[in-house]
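Dear colleague,

I am handing over the structure we spoke about, and I would be grateful if you could look through it with the notes below at hand.

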Amino acid sequence: MLRSATKLLPITCSTLTRRSQRCVVSTSLLSSKDSLTQLPLQERTIRLLSSIPSAPPAQQISAFPSIIIGPDAISPQGSFAEAQASFLEPPMDLVEDLLDKLIEHKVGIVAHYYMDVELQGILFAIKRRQMELLESADNADKIPKFPLVAIADSLKMGDDAVNMCSQSNVESIICLGVDFMSESVSAILGKNGFSHIPVYRATQQHIGCSLAESAEGLNYKAWLNKSASEKNKVLHVVYINTSLETKATSSSIIPTITCTSSNVLQTILQASAQMGPEELRICYGPDTYMGENLVSLLNAVLESEWSDERIKRDLHPAHDQNSIRALRDNIDVYPSGNCVVHHMFGQSVVDTVMNDYGDAYVTAHLEVPGEMFQIALQKSLVDDGVVGSTSNILNFIERKVREAAENGEKRRLKFILGTEAGMVTSIVRSVQDILDSNECKGVEAEIVFPVSSEAVMGVESDGSESSSSLEVVPGVAGGEGCSTAGGCATCPFMKMNDLDAVQDIIELIGSKSSGGGINPQLQLSKLLPPNRLGGKQINGRDAIDLGTEPIVYMREFMKSKKLSEGLVNRIEKMAM
């Protein structure tokens, strides 16, 4: 299946042609630069992208690309948005074929929100078709009850995989994400009695993550050891987007609880209230931007002079001005960890948002740099924006569209999407469902992609006016839509997952024998997640158990809204 706009092919290096040769610009660059191979992944990527020439002034754009979602149509504005929108409705014959094979071979797929929009469009269509068939009396007994496809954040991917096994009896899971995600999905399956279910990645190659790998070096261990040596009450709050090895190593040094971008604020608020804001030191890592943004959020509460009553009502019932100040002063943020994607929202993007999009709602993931975060944070204080996780962003957009639709308004709501562009597939589906359910004809939602001028490149149009017009698309000159000067379109590491790989894995799973002497089981074994902790012990404890302990602590917190007794005991023991 080719792109509808073939002029994008040499630029984006991505098609859905079966057995096509693909290229992910950033990863191919990384593997070809021998002199940089010893540097951390994050630093290598930033250096390489910064060395790529930016678009000449004549090719730069004055406004961001966007997708307008109406009750009856989707209208992309700009070539980048056209590329995003062109695969929202995939061919149904391909969808039907893939669904049939998933059912036949008992395969489930869990994918992160940041998958390529092309792949997400197909996955969403598969899930939708399964649910349609399930509602049909003729097919209900033949169709698995729980969706065989789930698109979610990194934590829920594991939960969905468990449900696929328990409710739909799948016998294999394909995990579309980066390596630590497949590793986590496998560990969560094991903890829930499904250790026999294999989890397959999309490629034999290492699918890295600059943020996760920033916590795997000696500097991170030294940072933790320093806090552990002080013999005070201390808690390490580690972002879920890290490897199982990082979680295990951290747990062996210091009491550790995992967090997501959705629950990190409540985690630190409850920990501080429960252990004493003056006594507990919170080490947050590895995401430097997220940690700094949490401090900024607490500063905003203090500087805007929230009353104690408002803090108790809107933030946490056990806090007031004094305790929030003590919490802020007792947060230690790891200084050297960033997602290479969110790291690239820079000043040019911020300037355009402030100058040209004053009427827009602004959303920002907790991982984005301070300038972009501050705009969204200030807007959020008056409900004109949101800061948080991918789920928080999606929920905010859904709420605003639903309110406008239910009130019978006639206007276009504009949202700056301050995170990875792959989320647009989920947003489009949700907005369309809201508009359809309300039979609303007057509301539109415009999703704006804040892409830097240096994250795009110009190509001549294929039309009759090719001599006088330029199309602006994300491309090789911008590292698949990213640049160190600011702006991000897509995550190059997530884009190592593609449709061809999914089809190949399903075929291998279904093969009892194959020609050419190829052993399907051998091929599949090369796609299993990293197993760096298998059979190992740390301080006399099973390494995998130690690595999943912070996740268990988080699960207990999410259920009871307080730190578990086991974690509290560890914190108090550290202070003795």
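Predicted model: local features only at pLDDT ≥ 70, side-chain atom pairs only at ≥ 80, totals over all residues.

Residues are numbered from 1 along each chain as its sequence is written, and side-chain values use heavy atoms, with hydrogens and water left out.

The protein chain holds 23 helices and 18 strands (DSSP runs numbered from the N terminus, helices being H or I of at least four residues and strands E of at least two). Of its 576 residues, 59% are buried (under 20% relative accessible area, with exposed meaning over 50% and partly exposed in between, for a 1.4 Å probe and protein chains only). Among contacts in the chain with a separation of 6 or more, 74% are between residues 24 or more positions apart, a contact being heavy atoms within 4.5 Å. The chain exposes about 23,200 Å², of which carbon and sulfur atoms supply 47% (Shrake-Rupley method, 1.4 Å probe; for residues, only the protein chains shown count as cover).

An open sheet of 6 strands runs in the order β2-β1-β14-β13-β11-β12, with mixed pairing, where two strands pair if DSSP finds at least two bridges between them. Its edge strands, β2 (74-77) and β12 (385-388), each pair on one side only, and the twist from one strand to the next averages 15°. Within this sheet, β11 (residues 361-365) and β13 (residues 411-418) pair in the parallel sense over 4 bridges, and valine 362 stands opposite isoleucine 416 in β13. Helix α18 (residues 390-406) lies across β11, β12, β13 and β14 (443-448), running at about 175° to β13, whereas helix α19 (residues 424-437) lies across β1 (66-69), β2, β13 and β14, at about 20° to β1; axes here are lines fitted to C-alpha atoms, for helices over the stretch in contact, and angles run from 0 to 180 degrees between N-to-C directions.

Threonine 242, in the loop between β7 (234-239) and α11 (244-253), is buried, with a relative accessible area of 0%. Leaving aside neighbours within four places in sequence, threonine 242 is in contact with Phe180, Ala212, Ala215, Lys247 and Pro286. Proline 286 is found in the loop between β9 (281-285) and α13 (288-303), and a cis peptide bond with omega of about 0° joins glycine 285 to proline 286.

Most residues other than glycine have a negative phi, and most peptide bonds are trans. Aspartate 383, in the loop between α17 (370-380) and β12, has a positive phi of about 65° although it is not a glycine, and aspartate 383 is partly exposed at 29% relative accessible area. Lysine 561, in the loop between α22 (543-560) and α23 (565-574), also has a positive phi, near 70°, and is exposed at 57%.

Finally, the second largest pocket is lined by 26 residues, of which Leu265, Leu297, Ser380, Val386 and Val387 lie nearest its centre. The elements giving two or more residues to the lining are α12 (264-275), α13, α14 (308-314), α17, β12 and α18. A pocket is an open set of points on a 1 Å grid over the protein atoms alone, where a 1.4 Å probe fits, with protein on both sides within 12 Å along at least five of seven lines, and lining residues have an atom within 4 Å of a point.
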